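Here is a short briefing to read alongside the sequence and the coordinates. Confidence, fold and contacts are taken in turn.

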Amino acid sequence: MVEASQEMTQDDHGHHSNTVRLLGRDITVEGGIYTVVFGGLAVLTVIEVLSAEFLKSAIHDAPSAAAALTAIKAILLLAIAIVKSSLVIWFYMHLKDEKRILAVVLLLPLLIAALSVMFVLAVPPTGYSI
Amino acid sequence: MAEMTANQLSAPAHDDHGHMSAEEHNENMKLGMWLYLASEIVIFSMMIVGYVLFRINEPDVVELAHSKLGVGLVTANTFVLLASSFFMVMGLRAMQQGNRAGMLRWIGATALGGAVFLAGQYIEYSELAHLGITLGYDIESQWQTFGMRFYAPTFFHGAHVFVGVLWALEVMRRGAKGRYDKDPIGIEMFGLYWHFVDVVWIMLFTLIYLV
């Protein structure tokens with residue numbers, strides 16, 4: 001992954017360096033890590049759209065496996081979206097350089113929202129028949 | 001909101017008058033912005049949950065909508081917004097390097113990207129209205145309540161982009177006068193907002209158009 005292997009090569013968190021260490025190689029590009037991250041976001045978006053279109057066709061062609069393929073599609077696409085969001089938050093919003101309290105500020109509402117979704121999903125649309 | 005006086009910038013960590021240092025001031029600014037963004041997460045989450053529940057309960061309606069919507073225009077729009085986020089962070093980087101002219105160019109490109117995104121959204125909404133996908137609730141309609149589930153998060157996001165474009169123009173106006181030459185915290189505040197709007201779109205694009 002892009003974010004896992006890059007290393008900063010300069011002070012000030014590497015924000016001003018045009019050289020990024022990626023997969024064991026030094027890459028020099030205007031904008032440094034920011035440009036590399038943008039490239040990663042673009043590539044992931046292409047993969048995401050192509051995967052969605054491919055799996056949509058597969059679901060249409062194989063109705064018997066539609067449920068499994070739909071689940072795979074949702075998990076795969078959401079995983080890519082979470083990676084993309086994390087790249088933006090980590091590098092562009094500089095969360096990697098900030099105090100840990102800001103990560104808590106970000107994650108707490110997400111946790112509450114996730115728990116709320118699970119609670120709502122646990123209730124069938126027609127309610128429980130007791 | 002982000003500007004500081006020269007006196008504040010040159011003040012020690014805690015001077016005799018109890019003033020906070022520039023660094024403390026900036027840390028407080030960032031914490032305040034992150035708390036604001038946390039409140040936005042809750043609001044957007046509610047809208048996303050509303051859509052997800054509709055997606056689960058009415059899969060046929062959503063699949064019909066997907067077949068009508070297509071992904072070409074919205075994918076192009078997504079690239080524009082991702083690029084504008086890149087322009088934004090490059091603008092901050094330019095100002096941190098003391099390059100005011102470069103900052104103005106990058107932030108200008110950010111504003112332009114936001115405007116192009118809104119134009120694309122307008123085109124999309126026009127096409128959807130032509131198909132009969134509206135905010136109205138009509139149980140007889142094939143779309144049922146898809147319109148309100150779709151428009152609520154996407155329009156709310158679009159409103160954030162609109163505010164962001166105005167904010168970018170204000171940052172440029174202030175930046176041109178040299179307000180960020182000594183301390184670019186004002187640009188960083190706008191950047192946090194703009195990148196958050198980008199993150200929200202990344203999730204909306206996947207959940208509403210692809211899944």
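In what order do the elements of chain B run from the N terminus on? The order is α-α-α-α-α-α-α. This is a predicted model, and the predictor gives the complex an ipTM of 0.86 and a pTM of 0.86.

**Fold of chain B**
- Chain B holds seven helices and zero strands.
- The C-alpha trace of chain B spans about 70 × 35 × 25 Å along its principal axes.
- Chain B has 211 residues, and 39% of them count as buried.
- Take the contacts in chain B between residues at least 6 apart in sequence: 74% of these join residues at least 24 apart.

**A helix pair in chain B**
- Two packed helices are described by the angle between their axes and the distance between the axes.
- Helix H4 of chain B covers residues 72-96, and helix H5 of chain B covers residues 100-131.
- H4(B) and H5(B) pack at an angle of about 160 degrees, and their axes are 8 Å apart.
- Angles over 145 degrees count as roughly antiparallel, so H4(B) is roughly antiparallel to H5(B).
- The crossing of H4(B) and H5(B) is left-handed.
- The residues of the contact of H4(B) with H5(B) comprise 18 nonpolar, nine polar and two charged.

**Where chain A meets chain B**
- On the chain A side, 33 residues are in contact with 31 residues of chain B.
- Which elements give two or more residues to the side of chain A that touches chain B? They are helix H2 (33-61), helix H3 (66-92) and helix H4 (100-121) of chain A.
- The residues of this side of chain A split into 24 nonpolar, six polar and three charged.

**Confidence by chain**
- Chain A has a mean pLDDT of 83, with 87% of its residues at 70 or more.
- Residues 1-11 of chain A have a pLDDT below 50. Beyond near neighbours in sequence, this stretch of chain A has 23 contacts in the model.
- Chain B averages a pLDDT of 88, and 90% of the residues score at least 70.
- Over residues 6-12 of chain B, the pLDDT is below 50. That stretch of chain B has 10 contacts in the model beyond near neighbours in sequence.
- Where pLDDT is low, the predicted coordinates should not be read in detail.

Terms used:
Residues numbered from 1 in each chain as written. Chains lettered and ligands numbered in written order. Predicted model: local features only at pLDDT ≥ 70, side-chain atom pairs only at ≥ 80, totals over all residues. Axes fitted to C-alpha atoms, helices over the stretch in contact; angles between N-to-C directions. Helix = DSSP H or I, 4+ residues; strand = E, 2+ residues; numbered from the N terminus. Parallel < 35°, antiparallel > 145°, perpendicular 65-115°, else oblique. Left-handed = near helix turned anticlockwise from the far one by under 90°. Nonpolar A, V, L, I, M, F, W, Y, C, P; charged D, E, K, R; others polar. Contact = placed C-beta atoms within 7 Å. pLDDT = per-residue confidence, 0-100. Buried ≥ 20, exposed ≤ 12 C-beta atoms within 10 Å, placed from the backbone.
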